[in-house]
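Biologist: I have the sequence and the structure open side by side, and I'd like to go through them with you. Shall we start?

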Amino acid sequence: MIKTAIVGASGYTGLELIKILLNHPHFEISALFGSEGGERIEDIYPSLKGVFEAEIQKADVEKIAKYDLVFLAVPHKTAMALVKELYGKTKIVDFSADYRLNQKNYEDYYCPHIDPANLENSAYGLPEIFRDYIKKSTLIANPGCYPTATILALYPFIEYIEDGVFVDAKSGVSGAGKKLSATTHFVKDNENFFAYNPIKHRHSVEIKEKTGLNVTFVPQLLPITRGMQISIYAKLKKDIDLLEVLKEKYKNEEFIRIFDKPVEIKNVAGTHYCDIFAAKNENMLFINSVIDNLLRGASSQAVANANLIFGLDEGLALPKIAYVP
Ligand SMILES: NC(=O)C1=CN([C@@H]2O[C@H](COP(=O)(O)OP(=O)(O)OC[C@H]3O[C@@H](n4cnc5c(N)ncnc54)[C@H](OP(=O)(O)O)[C@@H]3O)[C@@H](O)[C@H]2O)C=CC1
Ligand SMILES: CC(=O)N[C@@H](CCC(=O)OP(=O)(O)O)C(=O)O
């Protein structure tokens with residue numbers, strides 16, 4: 001078995017990761033870490049009682065470095081402070097944005113980078129596009145949830161569209177993590193729907209850097225727990241058969257499903273799937289994608305990447321059964 005540590009186990013993506021790894025034939029959950037430690041995972045998440053019970057230790061680089069595989073499900077900045085010490089000692093899948101961007105883009109949208117030397121050692125963990133790099137890397141920058149759903153939808157069409165696309169994005173509230181804020185308060189979100197941080201959201205630069213396209217990106221908060229839906233509006237340079245383009249690009253991809261009608265969050269919530277649909281009105285293109293932000297947008301994608309860096313089948317243990325009805 002491959003000894004695995006989860007740093008940030010008490011968070012939402014940490015919990016999803018635990019659930020996936022409990023069904024993994026090769027990755028064994030050997031240690032859980034958090035900011036202070038001294039808690040038990042089944043006390044934080046009573047749903048795990050009798051299923052998986054373990055102590056959470058205070059994060060400590062010396063201890064974490066002993067494991068073969070480390071998932072960092074921690075906030076930006078915290079991740080790079082750990083990677084700076086851990087790189088080369090173990091295999092790392094980082095959920096944060098710290099190794100996703102070039103230094104300039106990172107510092108323009110986040111903060112000064114404290115480990116720029118390792119930016120060139122990371123692979124952007126979107127398997128459908130960067131699989132070959134991922135397999136050779138020991139540091140994976142797991143993509144953001146909005147960029148995952150947006151880039152997978154745009155990728156087949158990049159050569160066919162004009163620069164300048166509108167990305168209308170909607171996320172469930174778990175995308176913001178477990179910490180409380182005025183924006184994620186029940187009374188604010190319940191029976192409500194609003195845009196936040198339009199145009200300037202940090203994910204616009206991630207989408208731009210990976211696709212080369214200028215994007216007008218507007219995230220919005222849906223009053224649901226999990227799942228996200230992306231609507232992209234673009235101009236086609238020439239007439240193409242949209243579904244044929246999608247089917248051809250993703251013909252070997254088990255976890256991309258192409259639909260001939262608009263896609264729905266509920267069909268992917270609880271799974272690693274990204275469902276995609278596209279339609280056009282003359283040269284006006286509409287692309288529609290859905291994912292589970294906690295899974296394909298974070299934890300199941302992290303496991304797909306870990307499978308690849310250990311030379312395992314990419315789909316091992318990835319969830320396929322949606323929470324329907
Ligand atoms: N939620 C989502 O849909 C997505 C999240 N991500 C990214 O994944 C990461 C985790 O997100 P999420 O699970 O939502 O966040 P949460 O806020 O739910 O959880 C964060 C976790 O990080 C731990 N943590 C914080 N500081 C430290 C520290 N100094 N040392 C060790 N552990 C620490 C916390 O532990 P403790 O409770 O002990 O403080 C907690 O378990 C973030 O980088 C986020 O941006 C990426 C894509 C989608
Ligand atoms: C609803 C919500 O607040 N979503 C988060 C995005 C979560 C995500 O994908 O991730 P990273 O933080 O890893 O980039 C936001 O807009 O900041």
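Biologist: Where is the place of proline 325?

Modeller: This is a predicted model, and in it proline 325 sits in the segment after H11.

Biologist: What about the peptide bond from valine 324 to proline 325, cis or trans?

Modeller: That peptide bond is cis, and its omega is near 5°. For background, most peptide bonds are trans, and most residues other than glycine have a negative phi.

Biologist: Is alanine 317 buried or exposed, and why?

Modeller: Alanine 317 counts as buried because 21 other C-beta atoms lie within 10 Å, and the cut-off for that label is 20 or more.

Biologist: And where is lysine 77 found?

Modeller: Lysine 77 is found in the loop between strand S5 (69-72) and helix H4 (78-86), and it too is a residue other than glycine with a positive phi, here about 80°. Lysine 77 has 15 C-beta neighbours inside 10 Å and therefore counts as partly exposed, a label that lies between the cut-offs of 12 or fewer for exposed and 20 or more for buried.

Biologist: Switching to the ligands, which residues come nearest to ligand 1?

Modeller: Of the 30 residues around ligand 1, the nearest are Gly8, Gly11, Gly34, Phe95 and Gly177. Two or more residues of that shell come from each of helix H1 (12-21), strand S2 (27-34) and helix H11 (295-309), and H1 gives the most, with three residues.

Biologist: How does the shell around ligand 1 split by class, and which domains does it draw on?

Modeller: By class, the shell around ligand 1 has 16 polar, eleven nonpolar and three charged residues. At least three residues come from domain 1 (2-121), and at least three from domain 2 (146-293).

Biologist: Which residues are around ligand 2?

Modeller: Around ligand 2 are Ser96, Ala97, Gly144, Cys145, Tyr146, Ser171, Gly175, Ala176, Pro219, Leu221 and Gly297. Helix H7 (145-154) and strand S11 (215-221) each supply at least two residues of this shell, which by class has six nonpolar and five polar residues, with no charged ones.

Biologist: Back to the two domains: how many Å separate their centres, and how many residues does the contact take from each?

Modeller: Taken over C-alpha atoms, the centres of domain 1 and domain 2 are separated by 26 Å, and the contact takes ten residues from domain 1 and seven residues from domain 2. On the side of domain 1 that touches domain 2, helix H5 (residues 103-109) gives the most, with three residues, and the residues of that side divide into five nonpolar, three polar and two charged.

Biologist: Last topic, the sheet: in what order do the eight strands come?

Modeller: The eight strands form an open sheet in the order S3-S4-S2-S1-S5-S6-S8-S7, with mixed pairing. Its edge strands are strand S3 (39-40) and strand S7 (123-124), each of which pairs on one side only.

Biologist: And how many bridges join S1 to S2?

Modeller: Six bridges join strand S1 (residues 2-7) to S2, and the two strands run parallel. Within that pairing, lysine 3 has glutamate 28 in S2 as its bridge partner.

Methods. Residues are numbered from 1 along each chain as its sequence is written. Chains are lettered from A and ligands numbered from 1 in the order in which they are written. This is a predicted model: local features need pLDDT of at least 70, side-chain atom pairs count only at pLDDT 80 or more; totals for chains, interfaces and linings use all residues. A residue is near a molecule or strand if its C-beta atom, placed from the backbone, lies within 6 Å of it. Helices (H or I, at least four residues) and strands (E, at least two) are DSSP runs, numbered from the N terminus. Ala, Val, Leu, Ile, Met, Phe, Trp, Tyr, Cys and Pro count as nonpolar, Asp, Glu, Lys and Arg as charged, and the others, Gly among them, as polar. Domain bounds come from an automatic or database domain assignment. Two strands pair if DSSP finds at least two bridges between them.
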